[in-house]
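I opened the model to look up aromatic rings and the nonpolar surface. My entries follow.

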Amino acid sequence: MSEVIQLPRRGKITVVFYEVSDPQGIAIWGGESPREALDWYRRSPTGSKIWVSQYEADEEDARLVLDLIEITPIVLATITDSIDRWSK
């Protein structure tokens with residue numbers, strides 16, 4: 001029982017994809033890491049936005065299943081709430 005065996009993946013997996021765009025809407029970063037998305041957003045120009053989408057992928061192909069949704073207001077509200085809680 002001490003040895004873990006990983007079975008090969010079959011079928012489709014879900015991929016959450018984050019994007020950061022500049023104020024003109026041009027993507028400046030994209031990837032699967034929410035942490036990296038926040039880092040890129042923090043370093044991006046004022047007016048930039050954070051987006052999230054979802055893909056279903058198999059070994060050969062990926063298909064968009066959830067179109068881009070802007071999450072900038074949610075992210076900023078969460079950061080503000082966290083700062084407010086820490087300062088109390």
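I looked up phenylalanine 17 and found it partly exposed, because its relative accessible area is 24%. Buried means under 20%, exposed over 50% and partly exposed in between, with a 1.4 Å probe and protein chains only. Tyrosine 55 is also partly exposed, at 28%.

I note that this is a predicted model: local features need pLDDT of at least 70, side-chain atom pairs count only at pLDDT 80 or more, and totals for chains, interfaces and linings use all residues. Residues are numbered from 1 along each chain as its sequence is written, and side-chain values use heavy atoms, without hydrogens and water.

Next, the ring pairs. Rings of Phe, Tyr and Trp (its six-membered ring) pair if their centres lie within 6.5 Å; planes under 30 degrees apart are stacked, over 60 edge-to-face, the rest tilted. I get one aromatic pair by this rule. The ring centres of phenylalanine 17 and tyrosine 55 are 6.1 Å apart and the planes stand at 85 degrees, so I log the pair as edge-to-face. The pair links distant parts of the chain, 38 residues apart: strand S1 (residues 13-21) holds phenylalanine 17 and strand S3 (residues 49-57) holds tyrosine 55. Strands (E, at least two residues) and helices (H or I, at least four) are DSSP runs, numbered from the N terminus.

Then the surface. Leu38, Leu76, Ile79, Ile83 and Trp86 make a nonpolar patch of about 520 Å². Patch residues have over 30% relative accessible area and no salt bridge, with nonpolar side chains joined within 5 Å. A salt bridge puts a Lys or Arg side-chain nitrogen within 4 Å of an Asp or Glu carboxyl oxygen. Helix H2 (residues 72-87) gives the most, four residues. Leucine 38 lies in helix H1 (residues 34-43).

Key. Patch = residues over 30% accessible without salt bridge, like charges linked within 9 Å, V, L, I, M, F, W, Y side chains within 5 Å. Areas by Shrake-Rupley, 256 points an atom, 1.4 Å probe, with all protein chains shown as cover.
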